[in-house]
Amino acid sequence: MKVVMINGSRRENGCTYTALSIIAEVLNDNEIDVELFNIGPDVMNGDINEAVQEVAESIKTADGLIVGSPVYYASPSGEVISFLDRLFGVALDDLCFKPAAAITSARRAGTTATLEVLNKYFQFAQMPIVSSSYWPMVHGNTPDQIFKDEEGIDIMKTLGRNMAWILKSIEAGKAAGVAQPVGGERPKTNFIR
């Protein structure tokens, strides 16, 4: 099994990366592979199309998705929003029904608003949202400070364990003959005449 992780920060090894790395370690301990993409610099440098294609290709063989973003002005980074807009446009069929989670890092506040925005992508794609023991956020201004957020670290580890459990439960269900829901064309109502 494999989980794709997207780091939406401009800093490849910053606080968001640190939180994702904690989850990745737990997933690896549960025999789940992780492929981490640091998309922030690619989007900043104008290489968004290449980055989207690379992640979309990996999504085809992935079993789950975790998206991390720092908080910028009480919202996800502009880089991750632009990236997800395009990714969900080109890879929607491959994303449907795969468990997903969003995590965020902040010095102080804006985390719940950021999580709300990120989770809407998953809801649109009928992706089961994996939760933790609290909102999946860490606090700190540097990676070293993240490790001092004991509650945040525990939340990331719990999220990793929950993702592993859900992925293994889905695999067991498929082996037992439980059919995955089937997506389809949905009606679109336009209220403008």
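Which residues in H4 meet which residues in H6?

## How two helices meet

Val80, Ile81, Leu84, Asp85 and Phe88 in H4 meet Val117, Leu118, Tyr121 and Phe122 in H6, where contact means heavy atoms within 4.5 Å. Sorted by type, the residues of this contact are 8 nonpolar, no polar and 1 charged. Here Ala, Val, Leu, Ile, Met, Phe, Trp, Tyr, Cys and Pro count as nonpolar, Asp, Glu, Lys and Arg as charged, and the others, Gly among them, as polar.

The axes of H4 and H6 (residues 111-124) come within 11 Å and cross at roughly 5 degrees. That makes the two helices roughly parallel (angles under 35 degrees count as such).

## What you're looking at

This is a predicted model, where local features need pLDDT of at least 70 and side-chain atom pairs count only at pLDDT 80 or more, while totals for chains, interfaces and linings use all residues. Residues are numbered from 1 along each chain as its sequence is written, and side-chain values use heavy atoms, with hydrogens and water left out.

## Glu79 in H4

Glu79 sits in helix H4, which covers residues 78-90; helices are DSSP runs (H or I) of at least four residues, numbered from the N terminus. With a relative accessible area of 4%, Glu79 is buried (under 20% relative accessible area, 1.4 Å probe, protein chains only). Not counting residues up to four places away in sequence, Glu79 touches Gly8, Arg10, Ile39, Gly40, Val43, Met44 and Tyr72.

## Thr111 in H6

Over in helix H6 you'll find Thr111. Thr111 is buried too, at a relative accessible area of 5%. Leaving aside neighbours within four places in sequence, Thr111 is in contact with Val71, Thr104, Ala106, Met137 and His139.

Methods
Buried means under 20% relative accessible area, exposed over 50%, partly exposed in between (1.4 Å probe, protein chains only). Axes are lines fitted to C-alpha atoms, for helices over the stretch in contact, and angles run from 0 to 180 degrees between N-to-C directions. Angles under 35 degrees count as roughly parallel, over 145 as roughly antiparallel, 65 to 115 as roughly perpendicular and the rest as oblique.
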